[in-house]
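Try each task before reading its solution.

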Amino acid sequence: MSGAIIAGGVGFVAARPPAFFVRCARCYALDIETICWLVAVVQGTLPCRVVAEAASNEVERIVKIAVVEPLGIPNEDLEAQLVQATAGFDVEICTNPDRREDEASLIERSADADIVVVSNIKYPASVMEKNPNLKYICVAFTGYDHIDMGYCREHGIKVANCAGYSTTAVAELVFGLAIDLLRSIPACNEAVRKGGTKAGLVGSELEGKRFGVIGLGAIGSRVAKIAQAFDCEVVAYNRSPKDVPGVTQVSLEELLSTSDIISVHVPQTPQTIGMIGAEQLAMCKPGAYFINCARGPIVDSQALADALNEGRLAGAGIDVFETEPPIATDHPLLSAKNVVATPHVAFASQQAFEKRAVIIAENVRTYLVGDPANLVA
């Protein structure tokens with residue numbers, strides 16, 4: 001609501017009511033005359049009924065929260081956490097029984113919502129523009145490159161993520177893949193089932209290996225810490241210096257050329273797409289193992305497949321691809337030599353989903369009280 005207002009003989013323009021007044025009115029059920037008084041005191045004007053009525057209308061409106069997909073815990077459990085987190089606010093919480101990624105379903109499920117909760121489903125401008133009420137997106141994921149951030153910034157839509165919920169889950173899968181590769185566990189499993197022996201399946205230990213971590217964010221730092229527990233020598237490349245105990249920071253070129261195991265942990269941004277291509281893979285130490293539990297487009301899949309098939313790399317553990325699973329059966333890494341592939345499950349543990357629900361509820365609560373946490377836009 002906007003309009004020209006005359007207060008004390010002076011005209012001025014008031015747009016939306018100040019968020020402070022709206023929060024006070026919501027929390028303390030203030031009537032319109034009290035809101036008028038607050039406006040007058042804070043703005044130094046006579047009571048301004050137009051602003052107050054706008055605030056009153058805002059108070060009366062129910063805030064709709066749309067969770068567009070299931071998020072790993074029972075919907076009723078997530079709803080209960082959101083109800084507790086939004087105590088004192090009039091909210092409508094809408095959950096859904098299944099995951100749908102088509103735009104028509106996303107538009108329908110987001111309709112009229114002030115707040116949308118979405119994980120790693122692509123959420124483009126063509127969906128958001130159909131919902132003029134949209135003010136806030138809680139990304140139930142660490143990365144947010146699947147959200148049209150340009151549209152959000154242009155239209156004043158706030159975006160928060162759930163960084164930290166999957167740090168342990170992702171880091172542990174890195175070592176699951178590393179041990180699978182070094183000890184040939186998939187091949188060992190197949191040999192046993194076919195009546196075979198350990199012939200040709202003698203593996204190698206993590207102890208003493210040089211473990212290279214690309215990116216020292218929360219997950220990369222956790223991976224570095226676990227690698228030290230295996231008595232690895234840990235080196236890392238990070239865009240800026242970062243003090244991580246027991247970790248030596250080196251150039252990307254040195255990391256690639258000297259590491260026995262390379263693990264990628266950078267976010268997907270315009271600067272990191274294609275960060276590891278044919279040129280970088282050609283620098284790798286012969287016989288090294290390569291692990292990607294970050295984002296698929298950071299690595300050139302065809303170049304990695306070529307390095308594996310040509311024997312320049314000993315193996316790769318891959319949890320992420322250019323698109324979300326299901327992955328096309330002709331993807332180059334699915335036919336490359338010695339690849340252990342998982343369908344983007346690094347973040348997916350029961351404990352991670354429970355942690356994520358707590359962060360979602362807290363993100364929504366902090367947004368509603370006007371002090372939003374974990375903002376990325």
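This is a predicted model: local features need pLDDT of at least 70, side-chain atom pairs count only at pLDDT 80 or more; totals for chains, interfaces and linings use all residues.

**Exercise 1. Find which residues Ile-137 touches, leaving out those up to four places away in sequence.**

Solution. Leaving out the sequence neighbours, its contacts include Val-116, Val-118, Tyr-123 and Met-128. Continue along the chain and you also meet Ile-147, Cys-152, Ile-157, Lys-158, Val-159 and Ala-160 among the residues that Ile-137 touches. In soluble globular proteins, nonpolar side chains tend to be buried together.

**Exercise 2. Work out what span helix α14 should have, and compare it with its end C-alpha atoms.**

Solution. Helix α14 covers residues 350-368, 19 residues in number. The expected span is 1.5 Å times one less than that number, so α14 should span 27 Å. Its end C-alpha atoms are 28 Å apart, which agrees. Among its buried residues are Phe-353, Arg-356, Ile-360 and Tyr-367. After α14 comes Gly-370, with a positive phi near 90°.

**Exercise 3. Describe the lining of the largest pocket.**

Solution. First, the volume: the largest pocket holds about 1000 Å³ of space. Of its 42 lining residues, Thr-142, His-265, Val-266, Pro-267 and Gln-268 are the closest to the centre. Next, the elements: α8 (167-183) and α10 (218-229) each give two or more residues, and the largest share, three residues, is from α10. Finally, by class, 20 lining residues are nonpolar, 17 polar and five charged.

Technical notes
Residues are numbered from 1 along each chain as its sequence is written. Side-chain values use heavy atoms; hydrogens and water are left out. On a 1 Å grid over the protein atoms alone, a cavity is a set of points where a 1.4 Å probe fits but cannot get out, and a pocket is an open set with protein on both sides within 12 Å along at least five of seven lines; lining residues have an atom within 4 Å of a point. Grid points are joined across faces, edges and corners, and a volume is the space filled by probe spheres set on the points. Helices (H or I, at least four residues) and strands (E, at least two) are DSSP runs, numbered from the N terminus. Ala, Val, Leu, Ile, Met, Phe, Trp, Tyr, Cys and Pro count as nonpolar, Asp, Glu, Lys and Arg as charged, and the others, Gly among them, as polar. Contact means heavy atoms within 4.5 Å. Buried means under 20% relative accessible area, exposed over 50%, partly exposed in between (1.4 Å probe, protein chains only).
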